[in-house]
Amino acid sequence: MTSTPNPTPEHTAGWRPAARALGRALVGRCLRVTAGLRQTWRRSLQVRVVTITLVVSSLLVGGFAYLIADKITSILLDNAETDVLLRLRNGSDYSAKQFNLYSQPQEAQLQDTIEGTVNYLAGGDPQQTSGVVVAITADNYAGIIETRTSPAMDVRPLVSRELRAAVADGKVAHQIRTGRLTGEQTKYLVYGSPVPTRFGQLELYYLVPLHRQDATAADARATVLATGVALVLLLGLLAALVTRLVVTPVRVAARTAQRLSAGLLDQRMVVNGEDDLALLAASFNQMATNLQRQILRLEEMSRLQRRFTSDVSHELRTPLTTVRMAADLIFAERDEFDPAVARSAELLQAELDRFEELLTDLLEISRFDAGFAMLDSEPTDLVPVVHRVADRLAGLAERVGVTIELAVPTTPVIAEVDPRRVERVLRNLVGNAVEHGEAKPVVITLGVDQTAVAVTVRDHGVGLKPGEEKLVFNRFWRADPSRARQTGGTGLGLSISLEDARLHGGWLEAWGAPGQGAQFRLTLPVRSGDRLTTSPLRLVPADATLPFGGPRDGDLLAIGPGGGGALAIGPGPTATPDERAEARS
Amino acid sequence: MSRRRTLAGLLCAALLALAAGCGIPDRSDVQVDGSGPAVSAGASSFGRGEPPTRTASGADREIFVRNFLAAAAGEPERAYARVKQFIAREDRNRLAEKQGSEVAINVVRLTEKPVITENASGLLTVRVPVQQVGLLRANGVLGPPVVTDTEYQFSLRGSAEAGQESTTDGGYYVTDPPSVLLLDTLALRQYYQTRTVYFWNSDATRLVADQRYLPLAVPAERLVSEAVKWLIAGPSDWLRQGVSGLPDRTALINNAVKTDGRWEVNLDLPGDDRRKLEKLGIQLSWSLSDLDGPLQLTTRNQSRVTIDDLAAHRLNNPVYPLTEGPQRFTVYDGAIHPLVFETESIGTVPIRAEDNHTIVSAALRRAAEEKTLAALVSTAPGGRQRLVAGSGVAPVQVMTPAMQTFTAIGRPVWLRPLGAAQPYGLVVADGRLYRFDDRARMVQVAVGATGQVSAVATSLDGHRIALIVGGRLYLSAASLDGGVVSLGPVRPVATTLTDLSAVDWAQENTLAVAGSTNRSAVYEVSVDGAQQAALVTDVGARVTHLAVYPANPTYVLPAVMMMYEANGVAYRYRSPSAETIRSEQVLDVPPPPAGGRVGSPTAPFFLF
């Protein structure tokens, strides 16, 4: 298309975009092919080995082939040259003797002698098809002595000016020329020698066709080439086979390892023979067996532990119920006891509450561990849930002097959730915030977008030290082990909340900084079973200060116009997915 | 996978390109392999023997005419060019040019000096009275003349071209030239050398000499080539009857060249035969009689005959089977007697005494196996003459008289017999030619010329016959094929002698002829008549009998040996004059009867 000669203007207008499109298509295709090739190259050991073998062996074989073919050609040519040179020297000696009988170029018999000499040197028989042409020229006596050739033909085009000059200079010289003497384009070895005579110099030329040498050289070349190509292909094939021998078991091993890692612990490799690969397979199988045994053992241990916990909890509940009833009785009668005993009854009651609570949490946790926790999802408006939680904890908050502030949409926020579990999570979060709020306000924020709902609980207490964002979700973790509990926290609340969030397919994350308080965020999908990608609310509160005056880890920098025409660098306008990695588990 | 295929394709292409790149190139630079051969040094004999050019004579008309008559001499290819230089530009077309072997030069003998007359208008007319001697062909053969003109006329004019008076060189141009090339016999002698070449007779037992003319302008290096070409071209026409040439289609390949002192002759010889090649080697060694050193004959089929030394080869293969020198005999008082001269060997009469009587003339020859051939002419009753012949170891036991008798029988001659074959001789009887054998059976032999046969002579080889028929000299070739002597066509020999009476062979290519100019004389005449020289000019009477021992390369004698008889007196020629053979020089002469007339020796002859 691009080679269209003399395109008319109308056409140019038409084909330029077309050409551009074609070019783009070509470039795109090339890029795709290149990318595909790169991928194949990276992924296939076999392709790499075979390719490298092909390249290296081609270079080697090519080099050798070139050397051999070149050597054969030069030997053939040398032989031809030696032969012709010998003939030429004999011929010029003979001619010199013949012409030595004449003292003037005009002598009548000289021309006959030249003709006879040429015929004699050419073998005499004009039917002879050796193709050798003998010519005697007289450049110095043009017009007096005619050029004679045998067989008669015009050899002038084949005898170059340079050769003529060299011969005229008294030198024996040769040259290879290609020309058409007998109708076929043929390479000729043209040899020239001066023939001294009494009156001056004549020139004798032998034109020897190189059919035979050319054909032999071509034969040799073809043979060498075919051998070389066959050798290269064979080497390639060999490399492919050998690589395949090695790669196939490796691939099998890889596949087996993949399955193994996917949990199919009973996958094993087939062991063939006693070679290295068999050793690999045997070792792999042994490793898999060991792993399987270990994992089973650990699973068994874990199961026993969970069972133990559950059993202990259940076993404790019955005596506890009895103790509870007795304690309740005592507590109800405390006014009749002396104050010290009454106080003890109160303590007993309180600790029994805590004990019961702990036992409930332990049972809940063991349900989670045992995988018995079931989600009871239903479309729920989260606004009343938040209000309810705030109301419940209002008494406690009042007690510690914390105000709970709500930032919830006025419209209903409907999501498919288990309201009981969500409420438990929020209660836990808000309770923690109130407990650690140090008489500063706690802010509950509810946010929603197309795919997710989120609730953040912000306090302004002591905050979390770096690294504690993850620890807070551990069972029985305390920020300060020595600190006495003011509320009846069991140390399992955040763990249970995290399991609840997970059960929803949601996230529960924490942020905190020393002296700046902490914020927890619960993000849940709007439709149950959906996969979360973003959260409608930020984990890091907007009022948090950056530790080094720069953006916090994982936060974006926004570059925009600042005061006085300067550029201002500040935190990015929206949350990024990286933030979520902080405490996601 | 596609990547691998692409890669393999690329590599194959690279291999192909590599392999294709190392073939024989279409064209290469000029590579010098060293210096060419240098000019081989060697004596050169160029530049001699060219006849003078037109301007050499200056204003001398007679020299100009002589030069004009010599202008054709030299290499035949350029003869026309040389002659045309003498001819005025406007008349050059009148001399029709011939090419190659067609070139023939009319050799003429000037019978008088050219007559140059100037007419009133200043035009010079030249009249040249000539005797036609022969036609010199390009192959060096001087054949019999084909024209009978006895006079040529042409004109001369000054060399000034019309309108170019200032360019005159004082010379002349020939206008109205003769339509043929003319060559004076003097010029022939001056610018040519005579060469003797030898051919084998029909049964290849004997070499027969033939004569060729080689221009002196031809360098000596080409002599071998020319000699081979002569041999290939075959003998002169008149010799063909008794002589065979080389096989047809024999050809010389290029020129014979001398390499490291050895002559190399390359031949294309059909029916490649070593025997033929050896025969040719002998032919060639004699034909190149002044050449020594090695010679090699090679045919195209690489058969090869090497002659290590030509001189030794000639010695080993003598051209004539002569082993002894000539012995002189004479007829004295009806019997044969040896002649005694200072240092010469003296023979014995090889016939029995009882046969040695009433002899008129005799011919004795040595033959193979110690035999002697004898032919005697003896008187018969009634004033007639009879031939008596015999052969055998001397003395010849059986002499057979012929049946016929004749009024007059000339001197008989023996043809050289071959081995044990039947010997034959020729004799003239009553104006006709007869052959005879050793039992004197005489059969007439046809002669190709009309007239009375008056003398016959045979050369040493026995194949060339000189005849005098009707007073004129002829040559003919005798063939002995099938045991029958027959003569081929005759070739007239031009000579200025008239009234020829006797002939014999003086040399291989020269005859001694007795005849008359104004007075009786004996001349040496070359076989083609081109050269003649007087031996004896003051014989005083008609020579009736002439015997010469022919000079030959086999048995060389210091001087010409000739004896003749005139007016009943025998003479011995001793250069430069002749002396009478006296009776004291005759051996075994019985003392003359008292008062008896002293006899005189007659009919002297040589036994050889």
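1. Chain A has 13 helices and 14 strands. Both terms refer to DSSP runs, numbered from the N terminus: helices are H or I with at least four residues, strands are E with at least two. The model is predicted, so local features need pLDDT of at least 70 and side-chain atom pairs count only at pLDDT 80 or more, while totals for chains, interfaces and linings use all residues. Residues are numbered from 1 along each chain as its sequence is written, and chains are lettered from A and ligands numbered from 1 in the order in which they are written.

2. Of the 585 residues in chain A, 32% are buried. A residue is buried if 20 or more other C-beta atoms lie within 10 Å of its own, exposed if 12 or fewer, and partly exposed in between, with C-beta atoms placed from the backbone. Take the contacts in chain A between residues at least 6 apart in sequence: 65% of them join residues at least 24 apart. A contact here means that the C-beta atoms of two residues, placed from the backbone, lie within 7 Å.

3. An unreviewed UniProt entry places the feature "transmembrane region" at residues 47-69 and 222-242 of chain A. UniProt positions are given in the numbering used here, feature names are shortened, and annotations may be inferred rather than shown by experiment. In the model, residues 47-69 of chain A are 100% helix and 0% strand, with end C-alpha atoms 31 Å apart. Residues 222-242 of chain A are also 100% helix and 0% strand. Their end C-alpha atoms lie 29 Å apart.

4. Helix H7 of chain A covers residues 339-370. Its 32 residues reach 45 Å from first C-alpha to last, close to the 46 Å expected at 1.5 Å a residue. That expected span is 1.5 Å times one less than the number of residues. Buried in H7(A) are A:Ala345, A:Leu362, A:Ile365 and A:Ser366. Their cover includes helix H6 (276-332) and helix H12 (493-504) of chain A. After H7(A) comes A:Gly371, with a positive phi near 80°.

5. Chain B has seven helices and 40 strands. Of its 608 residues, 48% count as buried. Among contacts in chain B between residues at least 6 apart in sequence, 55% join residues at least 24 apart.

6. The contact between the chains takes 57 residues from chain A and 44 residues from chain B. On the chain B side, the elements giving two or more residues are helix H1 (2-21), strand E1 (31-35) and strand E13 (257-259). H1(B) gives the most, with 11 residues. By class, this side has 21 nonpolar, 12 polar and 11 charged residues. Ala, Val, Leu, Ile, Met, Phe, Trp, Tyr, Cys and Pro count as nonpolar, Asp, Glu, Lys and Arg as charged, and the others, Gly among them, as polar.

7. Strand E3 (residues 171-180) of chain A and E1(B) run antiparallel, joined by four bridges. Two strands pair if DSSP finds at least two bridges between them. A:Ala173 has B:Val32 as its bridge partner in E1(B).

8. Within chain B, four strands form an open antiparallel sheet in the order E23-E24-E25-E26. Strand E23 (413-414) and strand E26 (442-444) are the edges, each pairing on one side only. Two bridges join E23(B) to strand E24 (residues 424-429) of chain B. B:Trp414 stands opposite B:Gly425 in E24(B).

9. Helix H3 (residues 79-86) of chain B has these buried residues: B:Ala79, B:Tyr80, B:Val83, B:Lys84 and B:Phe86. They lie on the same side of H3(B) because they cover an arc of only 145° around the axis. The arc is that of the directions from the helix axis to the C-beta atoms. These buried residues pack against helix H2 (61-70), strand E2 (104-110), strand E7 (172-175) and strand E8 (181-184) of chain B.

10. B:Arg472 is in strand E29 (residues 472-479) of chain B. B:Arg472 counts as buried because it has 20 C-beta neighbours inside 10 Å. Leaving out residues up to four places away in sequence, B:Arg472 touches B:Pro492 and B:Leu500.

11. Most residues other than glycine have a negative phi. B:Asp333 has a positive one, near 60°. B:Asp333 lies in the loop between strand E17 (327-332) and strand E18 (335-338) of chain B. Phi of B:Asp430 is also positive, near 55°. B:Asp430 sits in the loop between E24 and strand E25 (432-437) of chain B.
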